[in-house]
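Trainee: Could we go through the ligand sites together? I'd like to know what holds each molecule.

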Amino acid sequence: MRNVLFVLSGPSGVGKGTIAKKLIERNNIALSISCTTRLPRNGEIDGKDYFFISKRQFVDKIKKNGFLEYSEHFGNFYGTPKDFVENHLADKDVLLEIDVDGGLNVKKNFTDAILIMIVPPTLNDIKKRLESRNTESDENIKLRMERIDYELGKKSEYDYVIVNDDLSDAVSEIEKILKKEKAKKGE
Ligand code: ADP
Ligand code: 5GP
């Protein structure tokens, strides 16, 4: 079965990172590591969670056409490095964990990309999850909550929408989608 490029998007705090971790533990999947100009959070490691680079380095990479897509969130730049994706797709499925606009931009370059949106059972769940993660200031949580309507408004442009209520159910549903999409591609 051929390898696929798939995108997990959805509002900040919906559980993308948690789902991605489970998928990678159980399958032959490479998680694309994005570049960002934001500072590392406590415990985040350069080259593992993100490539943490300066604004200048980021702009340089844009000029060299080094991103599959990039965008700005909460005052920082985030982008998907093209070489990382292309190198890994040769022997694994590749997972991108990026925002909705990023996902839609990827699809323009990579029409075979599978777009999966993760949504919360209720809006209140997202707020609770962001608070319990304990990584964002109140102001940052407010900014992230304000963006939710925009992100959820794009769900009809995504190939699949998965509700992250029970974590293991959400992971299994995504695994079924991957199996189906890989079978569709044949060989
Ligand atoms: P994202 O990557 O989308 O910003 P995270 O994966 O960091 O979100 O999850 C945000 C918080 O929600 C984390 O504390 C995580 O443990 C929790 N979480 C994730 N999925 C679920 C779920 N299905 N039910 C309850 N809590 C969850
Ligand atoms: P965070 O700061 O919480 O790690 O990420 C903030 C937002 O940036 C999230 O919505 C996340 O999905 C998005 N993001 C992370 N990496 C990329 C990327 O490479 N490209 C784009 N467009 N968005 C990204």
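Mentor: Gladly! A polar contact is a pair of N or O atoms within 3.5 Å; within protein, one must be able to donate a hydrogen and the other to accept it, and residues adjacent in sequence count only if both atoms are side-chain atoms. This is a predicted model, where local features need pLDDT of at least 70 and side-chain atom pairs count only at pLDDT 80 or more, while totals for chains, interfaces and linings use all residues. Residues are numbered from 1 along each chain as written, chains are lettered from A and ligands numbered from 1 in written order, and side-chain values use heavy atoms, leaving out hydrogens and water.

Trainee: How far is an oxygen atom of ligand 2 from a polar backbone atom of G79?

Mentor: Start with the side chains: Y78 has an N or O atom 2.6 Å from an oxygen of ligand 2, and D99 has one 2.6 Å from a nitrogen of ligand 2. For the backbone of G79, the distance to a ligand 2 oxygen is 3.2 Å.

Trainee: What share of the area that ligand 2 exposes alone does the protein bury?

Mentor: Accessible areas use the Shrake-Rupley method with a 1.4 Å probe; for residues, only the protein chains shown count as cover. Alone, ligand 2 exposes 510 Å², and the buried share is 95%.
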